[in-house]
Amino acid sequence: MIELYYWPTPNGQKIAILLEELEMPYQPFAIDIRKGDQFQPDFLKLSPNNRIPAIVDRVPTDGGEPISLFESGAILLYLAEKHQRLLPTAVRERKTVWEWLFWQVGGLGPMAGQNHHFRGAAPEQIPYAIERYTQETARLYRVLNQQLETREYVAGDYSIADIACYPLDRGPRIAKPSASKIFPTSSGGFIKSKAAPPFSKPTKRAKP
Ligand SMILES: N[C@@H](CCC(=O)N[C@@H](CS)C(=O)NCC(=O)O)C(=O)O
């Protein structure tokens, strides 16, 4: 059984989507980041960076003590490796999934997050910051769309790289107020619909 420490934001949704895809039983625990649950000492033992998501694997493959993980990219890799799904084994295909996974967790995710913050959550409107993160987020989405021009999924076959990118296309609070301005070619979503992973309503079950 996997314990999922979760709030329904893109980083939390990634893990819920993968768990649903793997058809693994899991127990979601709400970490309400609006109330500051992420700073609770018990949660910090799992996630010292005070961010969701985190998991605890009660049945690790080595048969030992439960394993806890934080960082969405590490969790995606851990679960994909454990179940040998959604992560290719061949060296060339595998490295491509790594590339796009790290691209998402190191680039698209944080930049879209800053864009969202400076546009919608910052106590004051700072034009330089808004411009900087708008441009960088737009550039990253252009990179993604370009990648999808010639292929069905982000990194070869459907993989954890798609799962990492997909919630940013769905989260209504991420950069969407200005979507039509920033991403004029997108039709209702940032990522081309053909990249939509074949899962059904993963967050419904995981919702706290
Ligand atoms: N690099 C981290 C980022 C996680 C992250 O930013 N989580 C946000 C929600 S999407 C959070 O917990 N925020 C709480 C806070 O800012 O205090 C990952 O990929 O897991």
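Two remarks before the structure. Residues are numbered from 1 along each chain as its sequence is written. The model is predicted, so local features need pLDDT of at least 70 and side-chain atom pairs count only at pLDDT 80 or more, while totals for chains, interfaces and linings use all residues.

I start with the overall make-up. The protein chain has nine helices and four strands. Both kinds of element are DSSP runs numbered from the N terminus: helices are H or I with at least four residues, and strands are E with at least two. Read from the N terminus, the order is β-α-β-α-β-β-α-α-α-α-α-α-α. Of the 208 residues in the protein chain, 33% count as buried. Here a residue is buried if 20 or more other C-beta atoms lie within 10 Å of its own, exposed if 12 or fewer, and partly exposed in between, with C-beta atoms placed from the backbone. As for contacts in the protein chain with a separation of 6 or more, 67% are between residues 24 or more positions apart. A contact means that the C-beta atoms of two residues, placed from the backbone, lie within 7 Å.

Next, the sheet. In which order do the four strands lie in the open sheet? The order is β2-β1-β3-β4, and the pairing is mixed. Two strands pair if DSSP finds at least two bridges between them. At the edges are β2, residues 26–30, and β4, residues 67–70, each of which pairs on one side only. On average, neighbouring strands of this sheet are turned by 20° against each other, direction ignored.

Look now at β3, residues 54–57. Strand β1, residues 2–6, pairs with β3 in the antiparallel sense over four bridges. I2 has D57 in β3 as its bridge partner, and Y5 stands opposite A54 in β3. The pairing of β3 with β4 is also antiparallel and has four bridges. There, the bridge partner of D57 is I67 in β4.

Helix α1, residues 10–21, lies across β1, β2 and β3 and runs at about 155° to β1. Angles run from 0 to 180 degrees between N-to-C directions, and axes are lines fitted to C-alpha atoms, for helices over the stretch in contact. The end C-alpha atoms of α1 are 16 Å apart, which agrees with the 16 Å that its twelve residues should span at 1.5 Å a residue. The expected span is 1.5 Å times one less than the number of residues. How many of the twelve residues of α1 are buried? Twelve of the twelve are, so the helix is mostly covered. Among them are P10, I15, L18 and E21.

Just after α1, E23 takes a positive phi of about 55°, although E23 is not a glycine. E23 sits in the loop between α1 and β2 and is exposed, with 8 other C-beta atoms within 10 Å. The loop between α2 and β3 holds N50, another residue that is not a glycine but has a positive phi, of about 45°. N50 is partly exposed, with 15 other C-beta atoms within 10 Å. P53 is also found in the loop between α2, residues 41–46, and β3. The peptide bond from I52 to P53 is cis, with omega near 5°.

Last, helix α5, residues 127–149. Its 23 residues reach 32 Å from the first C-alpha to the last, close to the 33 Å expected at 1.5 Å a residue. Which residues of α5 are buried? They are Y133, T137, L140, Y141 and L144. The buried residues of α5 pack against α4, residues 91–121, and α6, residues 160–165.

In general, two packed helices are described by the angle between their axes and the distance between the axes. For α4 and α5, the axes come within 8 Å and cross at roughly 145°. Residues that meet include G107, M111 and F118 in α4, and A129, Y133 and L140 in α5. By class, this contact of α4 with α5 has nine nonpolar, five polar and two charged residues. Ala, Val, Leu, Ile, Met, Phe, Trp, Tyr, Cys and Pro count as nonpolar, Asp, Glu, Lys and Arg as charged, and the others, Gly among them, as polar.
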